[in-house]
Amino acid sequence: MGMLYENTGINEKGHLTFAGVDTTELAKEYGTPLYVMDENMIRDNCRKAKNAIDSYYDGKGMCCYASKAFSSVGMCKIVSEEMLGIDVVSSGELYTALKGGFDPSRIVMHGNFKTKADIAYALESKVGRFVCDSVEELSIINDMAKGCGYTPRVLMRITPGVDAHTHDFIKTGCTDSKFGFTLEDGTALKAAGEVIRLENVKFAGVHCHIGSQIFDIEPFLEAARLMMKLLRDIKTMYGRELEELDIGGGFGIRYLESDDPLSYAVHLKAIALTIKELCVDYGLRQPFLMIEPGRSIVGAACTTLYTAGTVKHIEGVKSYAAVDGGMADNPRFALYGAPYTVLNASRMNDNADFTGTIAGRCCESGDIIQENVTIPYPKYGDIIAVLSTGAYNYSMASNYNRLARAATVMIKDGQARLFIKRESLEDITKNDLL
Ligand code: LLP
């Protein structure tokens with residue numbers, strides 16, 4: 001039936017429940033499209049990630065939530081209460097994290113192009129760390145940090161040349177990448193010599209992020225080995241032992257029943273062992289370890305609800321069932337052909353007698369949520385649910401066709417509360433001038 005997680009069920013009316021609440025009731029109360037999120041699951045994921053570092057790496061590390069996956073003031077508050085760090089890549093994400101109550105020392109400023117305004121804002125806010133992609137950028141931060149009242153930590157982002165076996169558009173660790181310093185050709189090691197000389201920043205360590213939605217553990221271990229070698233080489237060449245190693249995010253989640261992701265515990269156990277053994281081999285102290293999961297914290301903790309429109313049947317070709325959202329609230333099929341589990345939340349116990357494409361309402365043939373879906377026939381007005389939409393949906397949403405951004409509801413212990421308001425028509429035009 002496509003129930004991916006324990007927080008999804010069917011009630012006595014044959015309706016889909018999520019986090020213990022009837023989804024059709026939520027659709028009635030809050031309207032559609034609607035993102036419905038499960039706070040208990042988000043907090044549980046935060047704790048599992050943090051506990052994995054505590055258990056297998058002696059607590060000498062920090063889990064930083066990659067807020068690009070889903071950022072809102074309320075989300076930042078939850079993550080901050082769970083004592084995670086946070087990764088931000090723009091003034092907007094930084095502002096949101098600060099508004100959510102984040103201690104700036106636990107904020108990591110990322111991005112392959114931080115504008116001077118971003119850097120100034122981050123320094124003024126006294127963010128703990130910057131992860132940097134070039135010597136030019138590091139020199140700019142170094143100049144701007146002069147007299148700013150503290151010494152920010154900086155990490156070099158490294159592209160370790162690891163193939164993460166995921167979609168080409170979300171691979172980031174290969175040598176041919178816009179991100180970071182190339183490891184393979186010696187660029188990274190050479191640049192480290194220049195970073196050491198910067199006076200207004202503290203060169204704390206190295207970072208890599210090999211990609212997203214990864215199910216294999218081997219690419220993570222390979223990245224960890226290459227990064228440990230780099231720490232050894234930097235020590236040998238410059239006599240400087242760096243303190244921090246950030247191995248990024250990318251842990252896969254379940255979108256389909258056939259997906260079989262590994263837990264944080266399994267990942268961290270293996271990664272920690274690899275690092276600890278190499279510390280002994282290379283005579284290095286155990287670096288402070290950071291991870292940056294985004295999708296695996298929030299991805300599974302959301303279901304999107306739509307209202308079904310009309311069905312178009314093309315004899316001998318296929319059927320299209322339209323829903324009242326689409327690429328404006330979830331562009332991931334259009335961008336990556338991403339798989340999703342789709343359910344007819346209104347008639348979960350009926351026969352699955354419809355097979356076809358779930359199409360959005362935007363004026364684009366590519367506005368598709370999923371193809372080849374088999375569900376009980378979506379009658380006009382039925383509620384259609386798409387599972388595992390917590391990551392890179394709301395955060396990548398647009399106002400295409402002047403559609404208002406959908407609302408988000410957060411469920412905690414069976415109680416729903418409005419978490420992000422639906423945009424109004426006034427919101428759509430609020431910046432327009434005559
Ligand atoms: N750290 C860095 C430096 C990153 O660039 C990313 C994601 C993460 C951490 C978090 O990765 P995660 O744990 O979420 O896989 N829009 C695409 C995903 C792009 C990922 C970008 N970077 C998608 O919808 O699949």
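Modeller: An axis here is a line fitted to C-alpha atoms, for a helix over the stretch in contact, and angles run from 0 to 180 degrees between N-to-C directions. The model itself is predicted.

Biologist: At what angle do helix α8 and helix α9 pack?

Modeller: Helix α8 covers residues 218-238, and helix α9 covers residues 264-282. Their axes lie 10 Å apart. The angle between them is about 25°.

Biologist: Is α8 roughly parallel or roughly antiparallel to α9?

Modeller: The two helices pack at about 25°. Angles under 35 degrees count as roughly parallel, and those over 145 as roughly antiparallel. So α8 and α9 are roughly parallel.

Biologist: Which residues in α8 meet α9?

Modeller: On the α9 side, the contact includes His 267, Ala 270, Ile 271 and Thr 274. Ile 275, Leu 278, Cys 279 and Tyr 282 also belong to it. Facing them from α8 are Phe 220, Leu 221, Ala 224, Arg 225, Met 228, Lys 229 and Arg 232.

Biologist: Now helix α2. How close do the axes of α2 and α9 come?

Modeller: Helix α2 spans residues 39-56. It crosses α9 at roughly 30°, and that makes the pair roughly parallel. The axes come within 9 Å.

Biologist: Is the crossing of α2 and α9 left-handed or right-handed?

Modeller: The crossing of α8 and α9 is right-handed. For α2 passing α9, the crossing is right-handed.

Biologist: Which residues in α9 meet α2?

Modeller: From α2 come Asn 45, Lys 48, Ala 49, Ala 52, Ile 53 and Tyr 56. By class, the contact of α2 with α9 has eight nonpolar, one polar and three charged residues. The α9 partners are Tyr 264, Ala 265, Leu 268, Lys 269, Ala 272 and Lys 276.

Biologist: Are α2 and α3 roughly parallel or oblique to each other?

Modeller: Helix α3 takes in residues 73-81, and its axis comes within 10 Å of that of α2. The two cross at roughly 40°. Roughly parallel needs an angle under 35 degrees. Therefore α2 and α3 are oblique.

Biologist: Which residues of α3 make the contact with α2?

Modeller: Helix α2 supplies Glu 39, Ile 42 and Arg 43. The contact holds three nonpolar, no polar and three charged residues. Helix α3 supplies Met 75, Ile 78 and Glu 81.

Biologist: What is the volume of the largest cavity?

Modeller: The whole structure holds two cavities of 30 Å³ or more. Leu 231, Glu 241, Leu 242, Leu 284, Arg 285 and Pro 287 line the largest. Four of these are nonpolar and two are charged. The volume is about 40 Å³.

Biologist: How many charged residues are in the lining of the second largest cavity?

Modeller: This cavity has a volume of about 30 Å³. Its lining includes Tyr 35, Met 37, Phe 70 and Asn 393. Five lining residues are nonpolar and four are polar. The charged count is no residues.

Biologist: Where is Pro 33 found?

Modeller: The peptide bond from Thr 32 to Pro 33 is cis, with omega near -10°. Pro 33 sits in the loop between α1 (23-30) and β4 (34-38).

Biologist: And what is phi of Ala 19?

Modeller: Ala 19 lies in the loop between β2 (16-18) and β3 (21-22). Its phi is positive, in a residue other than glycine. The value is near 50°.

Terms used:
Residues are numbered from 1 along each chain as its sequence is written. This is a predicted model: local features need pLDDT of at least 70, side-chain atom pairs count only at pLDDT 80 or more; totals for chains, interfaces and linings use all residues. Side-chain values use heavy atoms; hydrogens and water are left out. Helices (H or I, at least four residues) and strands (E, at least two) are DSSP runs, numbered from the N terminus. Angles under 35 degrees count as roughly parallel, over 145 as roughly antiparallel, 65 to 115 as roughly perpendicular and the rest as oblique. A crossing is left-handed if the near helix is turned anticlockwise from the far one by less than a right angle, and right-handed if clockwise. Contact means heavy atoms within 4.5 Å. On a 1 Å grid over the protein atoms alone, a cavity is a set of points where a 1.4 Å probe fits but cannot get out, and a pocket is an open set with protein on both sides within 12 Å along at least five of seven lines; lining residues have an atom within 4 Å of a point. Grid points are joined across faces, edges and corners, and a volume is the space filled by probe spheres set on the points. Ala, Val, Leu, Ile, Met, Phe, Trp, Tyr, Cys and Pro count as nonpolar, Asp, Glu, Lys and Arg as charged, and the others, Gly among them, as polar.
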